[in-house]
Amino acid sequence: MNFFKLKEHDTTVSKEFYAGFTTFLTMMYIVPVNGFILADAGLPIDAVITATALITILATLFSALWSNTPIAMSVGMGLNAYFSYGLVLGMKIPWETALGIVFLSGILFVILSLTNFRVWIMTSIPMSLRRAISAGIGSFIAFIGLKQMGMIVSNDATLVGLGDFSNSNVLLGVLGLILAFSFYAYRLKGAFILSIAITSCTAWFFGLGELPSSIISMPASISPIFLQLDILSAISLSLLPVIITFLITDMFDTLGTLTGVGTRANLFQANNKDDKSLQKTLEADAIATVGGSLLGVSTTTAFIESAAGVEEGGRTGLTAVFTASLFVMTLFMLPLFKSIPSNAIYPVLVVVGVLMFTELGKINFEDSDLATSAGAFLIVILMPLTFSITNGIAAGFLVYTIIKIAKKEFADLNIGILVITFISALAFIVH
């Protein structure tokens, strides 16, 4: 155990195991949830569930051994929803091409993670706009969750309206939502997987879903999605804004997660360019995204649920090794995962969306100038309204830059802002 330097980090094997088990409980939900989300894009759910478990195991293990940090990794919430509902269903992009987009964004992330690009990004883009992106993605996936549950429906007069709450499946979703919010509010370990389990049992009891024929089985083959990405089709000027969206969203998500988790455990020094553990974790994140696209899943990223393990004393990569090992069990739980009713799954999207949306509260709109306020507003409002993270980011940065130019506040416009603004303009010009 000298490899993990347990004594230097004032921890023990038993403490690391308990921390790893805690992280596993809090993020186990991602395997069935991601299966349902990507299945909506046409990917076979059996293969996706296996691939999700595999990339979680491999990415978390790689990060543990490469960076020696207690950071677990899996398919990121938000970008997986954008992958299915924004790109495949919204833009009618084949899922193979969408995987190619994920691959290219991952390659760019790998290249840039080997440089001081992370520092440049952190200093180039105003914190308020970064927080608005997180809040916008939160509103986007919450909107998707509510729509998939039938709590909101299309309406010819008002575009959207309230769903039919006399419908048993809608009421099942309401139950799942109440349970997920309640368990999370009480800080129960495994709040999401517990809400899914109780909602599923309720559905099976009342005949709203079919009981699993068995609990365990051998893992399904990933051959239908393995190496099926279409990189050549993704290399297109019209898709460049989408590739950049995946890149910067993954960057912000990872940096935000590592900053939050690191602050609690004094793991990372965000402003220290020579912090090897942060740099190596970013590299592991980027490589995991590339690997995930090859396996057939959307962007892989560091999970904020790692904070649960850190709170329990996890300080080294041994925590992540235990987490990865426990995820091996999920490879054999396919029949159970497939039998989960969809309205036991989608409430999790809403709760995760709400948690991401709270970033908006950290923006001081009273002290912000018009450019920041307008940019943040458009980012947040247009992501759900246009079903596109790309459109939200593009509109926000364009308005921010235009107002800054109009007010002749050129000092606030650096190369980073101008590059993203130019790419944002492509999102509206090139189709």
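Q: Before we start, what are helix axes and their angles here?
A: Axes are lines fitted to C-alpha atoms, for helices over the stretch in contact, and angles run from 0 to 180 degrees between N-to-C directions. Keep in mind that this is a predicted model.

Q: Okay. How do the axes of H17 and H18 cross?
A: They cross at roughly 160° and come within 7 Å. H17 covers residues 370-386, and H18 covers residues 389-406.

Q: Parallel or antiparallel, then?
A: Roughly antiparallel, because angles over 145 degrees count that way.

Q: And is the H17 crossing with H18 left-handed or right-handed?
A: H17 passes H18 in a right-handed crossing.

Q: Which residues make that contact?
A: From H17, they include Leu370, Ala374, Gly375, Leu378 and Leu382. From H18, they include Ile389, Ile393, Gly396, Val399 and Lys404.

Q: How do the residues of that contact divide?
A: Into 13 nonpolar, six polar and one charged.

Q: New topic. How many cavities of 30 Å³ or more does the structure hold?
A: Two. The largest cavity has a volume of about 70 Å³.

Q: What lines the largest cavity?
A: Pro241, Ile244, Thr245, Ile248, Thr390, Ile393, Ala394, Ile420, Ile423 and Ser424 line the largest cavity. Ile393 is also one of the H18 residues in the contact with H17.

Q: Which elements give two or more residues to that lining?
A: Helix H11 (240-265), H18 and helix H19 (415-429).

Q: Where does the largest share come from?
A: From H11, which gives four residues to the lining of the largest cavity.

Q: How does that lining divide by class?
A: Seven of the lining residues are nonpolar and three are polar.

Q: Is the H7 crossing with H16 left-handed or right-handed?
A: H7 passes H16 in a left-handed crossing.

Q: Which residues meet there?
A: Among them are Ser134, Ile137, Gly138, Ile141, Gly145 and Met149 in H7. In H16, they include Asn343, Tyr346, Leu349, Val350, Gly353 and Phe357.

Q: How many nonpolar, polar and charged residues does the contact of H7 with H16 have?
A: There are 14 nonpolar residues and seven polar ones. No charged residues take part in the contact of H7 with H16.

How values were computed:
Residues are numbered from 1 along each chain as its sequence is written. This is a predicted model: local features need pLDDT of at least 70, side-chain atom pairs count only at pLDDT 80 or more; totals for chains, interfaces and linings use all residues. Side-chain values use heavy atoms; hydrogens and water are left out. Angles under 35 degrees count as roughly parallel, over 145 as roughly antiparallel, 65 to 115 as roughly perpendicular and the rest as oblique. A crossing is left-handed if the near helix is turned anticlockwise from the far one by less than a right angle, and right-handed if clockwise. Contact means heavy atoms within 4.5 Å. Ala, Val, Leu, Ile, Met, Phe, Trp, Tyr, Cys and Pro count as nonpolar, Asp, Glu, Lys and Arg as charged, and the others, Gly among them, as polar. On a 1 Å grid over the protein atoms alone, a cavity is a set of points where a 1.4 Å probe fits but cannot get out, and a pocket is an open set with protein on both sides within 12 Å along at least five of seven lines; lining residues have an atom within 4 Å of a point. Grid points are joined across faces, edges and corners, and a volume is the space filled by probe spheres set on the points.
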